[in-house]
Amino acid sequence: MKNFRKCVVCGEVKEKSGLFRIARQKTGEILFDQQGKEPGRGAYVCRDAACRGKLKKARGLERSFRTRIPDEVYERIEKSIHET
Ligand SMILES: [Zn+2]
């Protein structure tokens, strides 16, 4: 199951290729990891518009990273995902 990850919005477990990765770096910075190669802890969201558009609404990253995440961070990530 090593190539499977859970979407932080819908909770479904999928192959990594069907998910976007969001990374939390050691510095605490949270960013959209387009290549899936950034170090640090990762959280995943489905590539479907339904899930990736609900990232902020679902507050899924808070649970995954166990930290408070400001709206601006969610907005920045949603915007970067939207532009891919
Ligand atoms: Zn999902």
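Lys and Arg count as positive and Asp and Glu as negative, while His and the chain ends are not counted. The place of a charge is taken as NZ of Lys, CZ of Arg, CG of Asp or CD of Glu. With these atoms selected, the protein shows 21 positive and 12 negative side chains, and the centres of the two sets lie 6 Å apart.

The model on screen is predicted: local features need pLDDT of at least 70, side-chain atom pairs count only at pLDDT 80 or more, and totals for chains, interfaces and linings use all residues. Residues are numbered from 1 along each chain as its sequence is written, and side-chain values use heavy atoms, with hydrogens and water left out.

**The whole chain**

Please display the protein as a cartoon. Four helices and five strands make up its secondary structure; helices (H or I, at least four residues) and strands (E, at least two) are DSSP runs, numbered from the N terminus. Followed from the N terminus, the order is β-β-β-β-β-α-α-α-α. The radius of gyration of the protein, taken over C-alpha atoms, is 11 Å, close to the 12 Å that the globule rule (2.2 Å times the number of residues to the power 0.38) gives for 84 residues, so the protein is as compact as a globular protein of that length. Along the principal axes, the C-alpha atoms fill a box of roughly 30 × 25 × 25 Å.

Next, colour by burial. Buried residues (under 20% relative accessible area, with a 1.4 Å probe and protein chains only) make up 35% of the 84 residues.

**Strand β3**

Now select residues 19-24, which form strand β3. Five of these six residues are buried, so β3 is largely enclosed by the rest of the structure.

Two strands pair if DSSP finds at least two bridges between them. At Arg24, the bridge partner in β5 is Arg41.

**The hairpin**

Finally, select the five residues between the strands in the hairpin of β3 and β4. In this hairpin, Gly28 takes a positive phi near 100 degrees.

Note on methods
Buried < 20%, exposed > 50% of the residue type's maximum accessible area, 1.4 Å probe, protein only.
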